[in-house]
Amino acid sequence: MGDYICGFLCGGHQYANRKQLQTVELKVRMDCEGCELKVRNAISSVTGVQSVDINRKQNKVTVTGYVEQQKVLKKVRSTGKRVEIWPYVPYNLVTHPHGAQIYDKKAPPGYVRNVEVVTVSSQPLRQDDLLTNLFSDDNPNACSIM
């Protein structure tokens with residue numbers, strides 16, 4: 001309650017500098033325990049980090065805390081390791097997991113590359129439009145029952 005009153009009376013400037021709790025997932029190439037320890041120590045030194053979880057088999061580092069993604073990336077790069085934002089999503093979240101640029105042989109089991117789907121039209125597709133086109137006389141691949 002004291003924070004609320006101070007925020008109300010002080011104009012709320014105290015909360016403007018607070019960072020949101022977030023999770024940053026990175027892909028970092030690590031070959032041994034020494035590499036893992038080097039990355040863990042570097043990330044732990046960043047202000048606001050609450051936890052660091054490293055899965056060396058998947059080359060995945062998960063950082064949780066009141067941190068900025070770019071600061072964590074920069075800190076890991078300072079160790080000399082190759083790092084990028086975690087590029088994979090679970091297999092079951094993708095509609096066409098074997099599509100072009102989605103399937104990746106280097107992805108961990110159960111994951112595919114996270115690729116944003118680009119639509120040709122500037123108008124969003126509606127479910128009604130898709131169903132109407134399925135049974136259209138203009139569509140040569142339409143239902144053969146008709």
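**View 1. The hairpin of β2 and β3 in the predicted model.** Between its two strands the hairpin has 4 residues. Asn59 takes a positive phi near 60° in this hairpin. The two strands run antiparallel and are joined by 6 bridges. Val63 of β3 is the bridge partner of Val52.

**View 2. Pairing of β1 with β3.** Strand β1 covers residues 22–28 and strand β3 residues 60–65. Their pairing is antiparallel, over 6 bridges. Lys60, in β3, is the bridge partner of Lys27.

**View 3. The aromatic pair of Trp86 and Tyr88.** The structure holds 1 aromatic pair. The ring centres of Trp86 and Tyr88 are 5.2 Å apart and the ring planes stand at 80°, so the pair is edge-to-face, given that planes over 60 degrees apart are classed this way. Trp86 has a relative accessible area of 8% and is therefore buried, the cut-off being under 20%. Tyr88, at 5% relative accessibility, also counts as buried.

**View 4. Lys60 and the ring of Trp86.** The charged end of Lys60 sits over the Trp86 ring, 4.9 Å from the ring centre. Lys60 is also the β3 residue bridged to Lys27.

Conventions:
Residues are numbered from 1 along each chain as its sequence is written. This is a predicted model: local features need pLDDT of at least 70, side-chain atom pairs count only at pLDDT 80 or more; totals for chains, interfaces and linings use all residues. Side-chain values use heavy atoms; hydrogens and water are left out. Two strands pair if DSSP finds at least two bridges between them. Rings of Phe, Tyr and Trp (its six-membered ring) pair if their centres lie within 6.5 Å; planes under 30 degrees apart count as stacked, over 60 as edge-to-face and the rest as tilted. Buried means under 20% relative accessible area, exposed over 50%, partly exposed in between (1.4 Å probe, protein chains only). A charge sits over a ring if NZ of Lys or CZ of Arg is within 6 Å of the ring centre and within 35 degrees of the ring normal.
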